[in-house]
Amino acid sequence: MAGSSKVHPRTKTGSVDQRETRPDAEQVRYRGEFNSRPVPHLSLLTLAVVLALWWATTSVGTSAIGVPAPYEVMTAFGALARNGELLKHLGASLQRLFLGWVLGAVCGVGVGLAIGLSSWGRAIALPLVSALFPVPKVALLPLFILWFGIGEGAKVATIAAGVFSPMVFAAYSGASGVDRNVVRMAQTFGIPSSMIIWKVILPGTIPALLNGCRISCSIALILLTAAEMIGAQHGLGALVLASGNLMRTDQLFVGILILSILGVSVSGILSFLERILLHWR
Amino acid sequence: MDILIDDVRHAYDRLIVLNSLSLDIPSGEIVCILGPSGCGKSTLLRLIAGLEVPDSGRILTRGNPSPRTLHPIAIVFQDFALVPWRSVAKNVELPLEHHALSAQERQRRIWSALQQVKLTEFAHAYPNRLSGGMRQRTGLARALVVDPAILLLDEPFSAIDVGTRELLQRDFLRLWEDARFTGVCVTHDVLEATQIAHRIVILSRRPARVRTIFEVAVPFIDRREDHPTLVALQQAIREIIREEIEAGGRELEGAS
Ligand SMILES: Nc1ncnc2c1ncn2[C@@H]1O[C@H](COP(=O)(O)OP(=O)(O)OP(=O)(O)O)[C@@H](O)[C@H]1O
Ligand SMILES: [Mg+2]
């Protein structure tokens with residue numbers, strides 16, 4: 001590559017210098033197809049196209065197959081919002097989601113840290129957690145209904161159970177993934193163990209915990225919807241199920257849309273937290 | 001402080017790593033430890049740091065650290081072991097945080113350590129924004145901030161490019177001139193050992209004992225790379241390590 005440090009045969013604008021003086025040279029082929037490049041407005045355009053297709057298909061009278069037109073969904077949304085039903089459904093769902101998630105996450109992080117930090121905790125809890133992990137948590141719903149009745153308790157418990165396992169594994173893998181040499185360094189300095197946990201290990205688990213939050217939130221949303229389809233007056237799951245039974249696909253779509261917005265919002269909040277908490281990356 | 005290693009044996013499960021290893025490291029000297037890969041050098045360092053307990057034998061220190069010393073022992077790792085969410089200054093502060101120091105004394109120690117390694121400009125940078133050399137200087141500052149009597153280094157400069165490495169080695173000697181700690185430096189780099197050590201200890205293949213000890217009689221200011229004594233020493237060291245590796249290879253072939 002003699003002289004390549006002085007004259008780059010290929011410039012950013014794509015012009016090729018000295019082509020005549022180097023007849024035997026070949027242009028380096030660009031192989032960076034998977035490099036990430038920003039494509040402006042394409043995401044918005046996609047959304048617009050999907051909406052347009054939706055509108056177009058429903059306006060030629062295919063609503064018989066159960067797809068309401070966009071404006072029908074908007075009307076249903078307006079009606080539900082005005083008579084206060086929407087707020088009731090959303091409020092009930094958010095409350096269950098919040099209680100269940102916090103309960104499951106607090107227990108899960110506690111158990112996960114115990115497994116990650118202590119040999120005792122690991123010996124006691126790891127087999128139990130591993131056995132619980134593969135059980136689809138919806139299967140626990142009937143059990144929780146027997147235990148706690150068909151009210152709020154069973155729903156919250158189901159969500160908590162679903163959130164528990166991923167948070168255990170997030171905390172556990174986060175704590176054991178903290179750089180061994182950083183811990184050794186701190187121990188060599190005689191820093192007390194409680195301080196090592198507080199200042200080195202816990203902050204080191206935050207990235208894994210945020211990942212765990214992503215997974216557990218989507219699980220929580222699934223379980224919420226499923227639990228609300230059994231014996232619930234209010235809640236997005238109840239709304240979706242009831243609308244389906246009444247063939248009110250417009251309201252059904254409102255429910256699905258709200259669930260989608262809920263998921264996207266949670267994901268947005270987590271991205272925001274990531275930016276704040278992991279600014280050092 | 002002197003370090004006295006007395007007939008130490010250490011094994012992981014059935015793998016005997018160190019066997020009847022005895023070694024005295026005199027106070028205020030820099031000792032480089034060389035040996036075939038996997039022979040137990042890092043294990044020896046962890047034992048001296050008190051991170052593991054030997055199966056048998058004793059590891060002692062002797063002497064009184066200076067009154068400035070907050071903690072007698074500190075360690076520097078090849079991978080720097082910086083806390084990534086703490087800035088350079090905060091990393092250096094970490095070993096001070098469990099000591100009852102006035103805020104003034106704490107800041108004085110941090111800034112003097114940063115000055116010693118010439119990192120004051122980058123005090124508020126995060127580790128992922130630093131070059132390898134700067135990261136290792138942060139690791140050095142963090143070790144020196146407690147004024148340790150014993151400084152342990154596990155291949156401290158091997159993850160750093162050659163030019164920067166030579167600079168760091170010179171800086172390291174300058175730091176030693178000021179602080180006069182006892183230095184125990186594990187390295188793979190024979191040239192590095194002949195540049196920074198008062199004494200070079202060569203370990204045998206696993207299970208490791210002390211195979212040979214060389215004193216490097218050349219004063220630091222005379223240690224040019226082509227100094228005939230050092231060149232001869234390097235050759236002798238390479239020869240011994242090669243012998244150990246080949247003997248280890250033959251044992252493996254014989255066993256299979
Ligand atoms: N925590 C551990 N558990 C089990 N075996 C270990 C452990 N740490 C080290 N070993 C084994 O002990 C032997 C010595 O390891 P050590 O890291 O001390 O070698 P080393 O001389 O530092 O090697 P290198 O030059 O490659 O850094 C190796 O065979 C290693 O596999
Ligand atoms: Mg090693």
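How many residues of chain A are in contact with chain B, and how many residues of chain B do they meet? Let's look at this predicted model one close-up at a time.

**Figure 1. Where chain A meets chain B.** In this view, 19 residues of chain A are in contact with 25 residues of chain B. Together the two chains bury about 2000 Å², and 70% of that area is on carbon and sulfur atoms. Look for Thr188(A), Phe189(A) and Trp280(A): these three supply 37% of the area that chain A buries against chain B, more than any other three residues. If you wonder why an area is quoted here, the size of an interface is often given as the accessible area lost when the parts come together.

**Figure 2. A salt bridge and polar contacts across the interface.** One salt bridge is found between chain A and chain B. Its partners are Lys199(A) and Glu97(B), whose closest N and O atoms are 2.7 Å apart. The interface also has six residue pairs in polar contact. Which elements of chain A give two or more residues to the side that touches chain B? They are α7 (180–188) and α8 (193–228) of chain A. Of the elements, α7(A) gives the most, with six residues. Sorted by kind, the residues on this side of chain A comprise nine nonpolar, six polar and four charged.

**Figure 3. Helix α5 of chain B and its neighbours.** Follow this helix along residues 162–179 of chain B: its 18 residues reach 25 Å from the first C-alpha to the last, close to the 26 Å expected at 1.5 Å a residue. Which residues of α5(B) are buried? They are Arg165(B), Leu168(B), Gln169(B), Asp171(B), Phe172(B), Leu173(B), Leu175(B) and Trp176(B). These buried residues pack against several elements of chain B, including strand β3 (30–34), helix α3 (103–116) and helix α4 (132–144). Also among their packing partners are β6 (150–154) and α6 (190–196) of chain B. Just after the helix, find Arg180(B), which takes a positive phi of about 55°.

**Figure 4. A salt bridge between two strands of chain B.** Here the side chains of Asp2(B) and Arg62(B) meet in a salt bridge, with 3.1 Å from N to O. Asp2(B) lies in strand β1 (residues 2–12) and Arg62(B) in strand β4 (residues 56–62), so the pair ties together parts of chain B that are 60 residues apart in sequence. Asp2(B) has a relative accessible area of 16%, which means that this residue counts as buried, whereas Arg62(B) is partly exposed at 49%.

Figure 5. Arg224(B) and Asp226(B) form a salt bridge, with their closest N and O atoms 3.1 Å apart. Asp226(B) counts as exposed, at 54% relative accessibility. Finally, trace the network of salt bridges that links Arg205(B), Arg211(B), Glu243(B), Glu244(B) and Glu251(B).

Conventions:
Residues numbered from 1 in each chain as written. Chains lettered and ligands numbered in written order. Predicted model: local features only at pLDDT ≥ 70, side-chain atom pairs only at ≥ 80, totals over all residues. Heavy atoms only, no water. Contact = heavy atoms within 4.5 Å. Buried area = accessible area lost by both parts, 1.4 Å probe. Salt bridge = Lys/Arg side-chain N within 4 Å of Asp/Glu carboxyl O. Polar contact = N/O pair within 3.5 Å; in protein donor to acceptor, adjacent residues only side chain to side chain. Helix = DSSP H or I, 4+ residues; strand = E, 2+ residues; numbered from the N terminus. Nonpolar A, V, L, I, M, F, W, Y, C, P; charged D, E, K, R; others polar. Expected span 1.5 Å × (residues − 1). Buried < 20%, exposed > 50% of the residue type's maximum accessible area, 1.4 Å probe, protein only.
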